[in-house]
Amino acid sequence: MSQKPPIKYGEVTMEELMMTRYEKDTSAAAVVFVDYGETTFQYDQNQGFFLQFERLRRIKILSKEGLDYGNISIPLYQDGNASEKLMGFKAVTFNLENQKIVESKIKSDAVFHEKLDANTDLKKVILPNVKVGSVIDLSYSIRSEFIFNFQDWEFQNFIPTVWSEY
C-alpha cells in the first residue's frame, strides 16, 4: 500500500491563496504545489486485468504568463475498438475575493475532445475564472485495458514542483 496523497481535493488554504511568489524561484509564472499519481492493477471478471491511474494536482498561478496552466490536456490512448476511459474528472478554480475563498467549477461547455494522432485522443478542459492568484485543483482517473501503457510522469516541469509523487 502506498501513502495517502499529501492534500485533499478542494481543501485549499488561505496561505496558498495569499501567496504572491515562490521564494525558491521568484521568476516562476506558476508553481505546482502537489502532483500525486498512483497506478494499480485491477481485475474485472468480465474484462480481465486493467490499469487504474489516479491523479491529484494543485497549481498556483503567480503571473499572467502562468495563465495557460488553467488549460488542461489529458492524453488517452486507443487502439482499434479499445480505448482508455477518463473517469471521475473534477476541477475547480479557487480565488480570494474580499478575504473569502470563492470556487469556480467547470461547466460541460469547457470540455473538448481532440484527435492528436491515430492512437491518441486529447481531453481538453479550460478552467473557469483563472487569473493571477488563482489556485487550481484537479482530480481524475484513467481506466486502461492496455496494461503495458503506464501514464507518463514528469517530476519537474517548466514551472517548479514542490511535491511530486508517483
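Q: By class, what residues does the lining of the largest cavity have?
A: In this predicted model, the lining of the largest cavity has 4 nonpolar and 4 polar residues, with no charged residues.

Q: Which residues are they, and how much space lies in there?
A: The lining is made up of Thr-39, Leu-51, Phe-53, Ile-142, Ser-144, Asn-149, Phe-150 and Gln-151, and about 30 Å³ of space lies in this largest cavity. Strands S2 and S9 each supply at least two residues of that lining.

Q: And how many cavities of 30 Å³ or more does the structure hold?
A: The structure holds 1 cavity of 30 Å³ or more.

Q: OK, what about open space: how much is in the largest pocket?
A: The largest pocket holds about 730 Å³ of space, and its lining consists of 30 residues, of which Arg-55, Ser-73, Pro-75, Tyr-140 and Asp-152 lie nearest the centre. Two or more lining residues come from each of strand S1 (30–44), strand S2 (48–61), strand S3 (71–79), strand S9 (135–144) and strand S10 (161–165).

Q: Which of those gives the most to the lining of the pocket?
A: That is S3, which gives 7 residues to the lining of the largest pocket.

Q: And the lining by class?
A: The lining of the largest pocket has 15 nonpolar, 9 polar and 6 charged residues.

Q: Arg-55 and Tyr-140 both came up at the pocket centre. What is the bridge partner of Arg-55 in S9?
A: The bridge partner of Arg-55 in S9 is Tyr-140 itself, and the two strands concerned, S2 and S9, pair in the antiparallel sense over 10 bridges.

Q: How many residues of S2 are buried?
A: S2 is mostly covered, in that 12 of its 14 residues are buried. Ile-61, whose place is in strand S2, counts as buried because its relative accessibility is 0%.

Q: What does Ile-61 touch?
A: Leaving out residues up to four places away in sequence, Ile-61 touches Ala-29, Ala-30, Gly-66, Leu-67, Tyr-69, Val-130, Lys-131, Val-132, Gly-133, Ser-134 and Ile-136.

Q: Switching topic: which members of the largest nonpolar core touch the most other members?
A: Of the 19 residues in that core, Ile-74, Phe-89, Leu-127, Leu-138 and Tyr-140 touch the most other members. At least two residues of the core come from each of S1, S2, S3, strand S5 (85–97) and S9, and S9 gives the most, with 4 residues. As background, nonpolar side chains tend to be buried together in soluble globular proteins.

Q: What does Ile-74 touch, then?
A: Not counting residues up to four places away in sequence, Ile-74 touches Leu-86, Phe-89, Asp-121, Leu-122, Lys-123, Tyr-140 and Ile-142.

Q: What is the strand order in the open sheet?
A: The open sheet of 4 strands has the order S4-S3-S8-S7, and its pairing is antiparallel. Strand S4 (82–83) and strand S7 (111–117) stand at the edges with a single partner strand each, so one side of each has no neighbour in the sheet.

Q: How many bridges join S3 to S4?
A: There are 2 bridges joining S3 to S4, which run antiparallel, and Gln-78 stands opposite Ser-83 in S4.

Q: Last topic, backbone angles: what is phi at Asn-98 and at Asn-129?
A: Phi of Asn-98 is near 55°, a positive value in a residue other than glycine, and Asn-129 has a positive phi of about 60° although it is not a glycine either. For context, most residues other than glycine have a negative phi.

Q: Where do those two sit, and are they buried or exposed?
A: Asn-98 lies in the loop between S5 and strand S6 (100–105) and is exposed, with a relative accessible area of 77%. Asn-129 has its place in the loop between strand S8 (120–126) and S9, and at 42% relative accessibility Asn-129 counts as partly exposed.

Methods:
Residues numbered from 1 in each chain as written. Predicted model: local features only at pLDDT ≥ 70, side-chain atom pairs only at ≥ 80, totals over all residues. Heavy atoms only, no water. 1 Å grid on protein atoms, 1.4 Å probe; cavity = no way out; pocket = protein on both sides within 12 Å on 5 of 7 lines; lining within 4 Å. Points joined across faces, edges and corners; volume = space filled by probe spheres on them. Nonpolar A, V, L, I, M, F, W, Y, C, P; charged D, E, K, R; others polar. Core = buried A, V, L, I, M, F, W, Y, C linked by side-chain atoms within 4.5 Å. Buried < 20%, exposed > 50% of the residue type's maximum accessible area, 1.4 Å probe, protein only. Contact = heavy atoms within 4.5 Å. Pairing = 2+ DSSP bridges.
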